[in-house]
Amino acid sequence: MGRPQVVLGVSGGIAAYKACELLRRLTESGHDVRVVPTDSALHFVGEATWAALSGNPVSTRVWDAVSEVPHVRIGQHADLVVVAPATADMLAKAAHGLADDLLTNTLLTARCPVVFAPAMHTEMWEHPATQENVATLRRRGAVVIEPAVGRLTGVDTGKGRLPEPGEIFEVCQRVLARGAAAAADLAGRHVVISAGGTREPLDPVRFLGNRSSGKQGYALARTAVARGARVTLVVANTGLADPAGADVVRVETAQQLHEAVFKAAADADAVVMAAAVADFRPARYAAGKIKKKDGEEPAPLELVRNPDILAELSAARPKPGQVVVGFAAETDDVLANGLAKLTRKGCDLLVVNEVGEHKTFGSEQNEAVVLAPDGTRTPVPYGPKEALADVVWDLVLQRW
Ligand code: CTP
């Protein structure tokens with residue numbers, strides 16, 4: 001098999017300069033990349049840069065090298081088309097099937113997976129026209145990754161930044177690995193994932209917390225993005241960088257997680273509770289730092305219960321047909337405890353894994369068994385958290 005053929009479409013936004021880094025990563029990892037910039041992209045980064053970095057000729061118009069029929073050939077031969085940055089104009093053209101330059105022609109002839117990494121000002125991203133175009137593209141199976149939040153051109157800050165090139169590169173690799181047949185099988189779906197571990201404050205400097213790193217939840221988010229879903233990731237206290245393409249909501253406590261998950265779940269097709277939620281919180285929060293007093297024993301810690309988000313969601317199902325997935329971290333009697341928990345929580349799937357001080361928490365690998373109420377058990381062998389995440393999405397798909 002030859003090198004994977006990637007078309008890098010670049011439309012006219014200032015973030016075009018970041019596409020140079022994406023191009024480098026693609027070529028350095030063995031992909032044969034053909035850059036197809038729009039005319040306006042060339043105002044930001046010139047043809048010579050694209051040609052030198054890709055090692056391939058660059059054209060923007062259908063009238064260049066006509067004998068090679070580039071407007072058809074480039075798309076037909078691609079294993080992946082990635083458009084980064086994708087401007088509001090480019091998304092509109094793609095959604096409506098316009099074909100007035102080489103890139104838009106390529107998008108119409110490509111039968112391979114297509115990834116759009118939008119970048120624009122927040123107002124343009126939020127405009128109903130853009131949102132409808134994005135929804136159309138997703139429904140058709142394109143992977144449109146959510147823009148990042150941060151500094152935009154000029155003094156503005158908000159949603160609309162191109163995600164980091166390394167993150168886009170990872171999405172591309174995942175999409176390529178799944179191949180055309182299996183790509184974007186979560187297209188048109190909204191999935192909500194909770195990740196990390198909640199912290200329950202005792203005073204301004206102390207909290208009750210847990211060892212969850214959030215890596216499994218992030219793996220679920222990354223794989224869902226690569227499979228074309230719209231992803232909301234509710235994050236409790238992780239040190240991890242936002243994954244490209246997901247809408248990230250940050251919370252601290254179980255109560256905040258409860259609120260954020262329910263809000264996002266209103267129109268979600270699936271909710272996966274990978275976060276480690278504290279079952280109890282301190283009954284009282286001390287507004288000032290709790291001080292020790294000489295000769296005095298510490299006051300006992302009084303705790304109250306937190307809401308059980310997974311059980312409440314399973315009972316409420318804010319959207320009809322919603323699939324709810326829980327995780328169970330167990331140290332003993334793993335399977336028996338898992339089965340009891342599945343019944344108690346009322347969810348559709350429960351991913352059970354064994355945890356211990358050096359097992360699973362913080363690790364890149366995981367081993368689990370996924371339980372369903374009909375008695376089916378899907379064992380997932382020890383491997384990357386992404387592999388377990390893909391099994392979870394396969395099982396969710398079956399339930400839709
Ligand atoms: N969970 C939740 N809300 C809570 C506690 C847990 O939504 N207050 C969710 C977790 O996100 C996870 C699942 O329930 O998906 C199981 O979490 P786990 O801590 O294993 O279960 P607990 O209900 O805490 O059971 P126990 O502590 O008795 O093992």
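Before we start, one term: two strands count as paired if DSSP finds at least two bridges between them. And keep in mind that this is a predicted model.

Let's begin with strand S3, which covers residues 80-86. Look at Val-81 in that strand: it stands opposite Val-114 in S4. Val-81 is also the bridge partner of Val-7. Now zoom out to the whole strands. S3 pairs with strand S4, residues 114-118, in the parallel sense, over four bridges. Strand S1, residues 5-10, pairs with S3 in the parallel sense too, again over four bridges.

So how covered is S3? Seven of its seven residues are buried. You can check that face by face: Leu-80, Val-82, Ala-84 and Ala-86 are buried on one side, and Val-81, Val-83 and Pro-85 are buried on the other.

Next stop, Arg-222. You'll find this residue in helix H10, residues 215-226. Is Arg-222 buried or exposed? The cut-off for buried is under 20% relative accessible area. Arg-222 comes in at 18%, so it counts as buried.

What is Arg-222 in contact with, if we leave aside its neighbours within four places in sequence? The list is Glu-167, Glu-170, Arg-174, Ala-241, Pro-243 and Glu-386.

Terms used. Residues are numbered from 1 along each chain as its sequence is written. This is a predicted model: local features need pLDDT of at least 70, side-chain atom pairs count only at pLDDT 80 or more; totals for chains, interfaces and linings use all residues. Side-chain values use heavy atoms; hydrogens and water are left out. Buried means under 20% relative accessible area, exposed over 50%, partly exposed in between (1.4 Å probe, protein chains only). Helices (H or I, at least four residues) and strands (E, at least two) are DSSP runs, numbered from the N terminus. Contact means heavy atoms within 4.5 Å.
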